[in-house]
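Biologist: Could you walk me through the aromatic rings in this one? I'm new to it.

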Amino acid sequence: MVATKAGKGLSVRERLLAASDELFYRDGVFSTGIDSVIEKAGVAKGSLYYIFGGKDKLVAAYLNGRMATWRNAVEAAQAEARDADGKILAIFDALADYVSHPDYRGCPFHNAAAEGPAGEAQQLATDEYRDWIDGHFRQLATEAGVSNFEALADALIVLYHGALTTAGVVEPSRAAALTAKRIAQLTLAAAKASGST
C-alpha cells in the first residue's frame, strides 16, 4: 500500500495525489489540512478544488490509490499459488512484506476510519476496501472446499485485520503477519478435517 512521492514531471493531479498520500498516511487524514497538501504538492489552492472538489474526495482518491496498490501486491503474491489454500496464505506473505516496510504506520483504512467522522466519498472508499477484503476471503474460503466456508472466511478476516492492527501498535515487523499465517494454516487444516463439501 505504499505509493509514490511528490516530484517533478508529474501532472498537477499526480502531485496532489502524491503529496496527500505521503501526508495523510504519515500525519493522519484529520490532522493534515488542505494547505499542507497544496504546499507539499506545489500547486495553487484552486487546482485542488477544481480537480477534487474538496478534501473528502481527495481523501477518497488517496484511499483508492492505496487499495489499488494493495490489490496489485496481493495478486502478485498469489500469482504462483496453485490452489485456494496457497492463495489464502499468499495474502499473509504480502501482508508480512507490507508491515515490515520502514514507513509502515498502520493500515491506512483503519487509520482513516479511527480518526473521526468520515466524509461521504471517504466512507465509500473505506467500504469498498472492506468489501473487497471480505469478498476475496469469502471467495477463497468457498474455493477451499470446506463445508463451513463462512466460518473459515470469518476467521481469516479476523486474522488479517488482527495482523495489520498488531503490526501497527508494536514495532513494524513481519512477526504479526507470519503468526497470522501460521494460524491460518491451522485453521485451514481444521476446517478440512471437519469435512469437505
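**Aromatic rings**

Modeller: Phenylalanine 92 counts as buried, at 0% relative accessibility, where buried means under 20% relative accessible area, exposed over 50% and partly exposed in between, with a 1.4 Å probe and protein chains only. This is a predicted model, in which local features need pLDDT of at least 70 and side-chain atom pairs count only at pLDDT 80 or more, while totals for chains, interfaces and linings use all residues. Residues are numbered from 1 along each chain as its sequence is written, and side-chain values use heavy atoms, with hydrogens and water left out.

Biologist: OK, and how many aromatic pairs are there?

Modeller: The count comes to six aromatic pairs, taking rings of Phe, Tyr and Trp (its six-membered ring) as paired if their centres lie within 6.5 Å, with planes under 30 degrees apart called stacked, over 60 edge-to-face and the rest tilted. The pair of phenylalanine 24 and tyrosine 62 is edge-to-face, because the ring centres are 5.4 Å apart and the planes stand at 65 degrees.

Biologist: Are those two buried or exposed?

Modeller: Phenylalanine 24 and tyrosine 62 are both buried.

Biologist: Back to phenylalanine 92, how do its ring and that of phenylalanine 137 pair?

Modeller: Their centres are 6.1 Å apart and their planes are at 40 degrees, so the pair of phenylalanine 92 and phenylalanine 137 is tilted. Phenylalanine 137 is also buried, with a relative accessible area of 1%.

Biologist: Which residues do ring pairs link into a cluster?

Modeller: That cluster consists of Trp70, Tyr98 and Tyr104.
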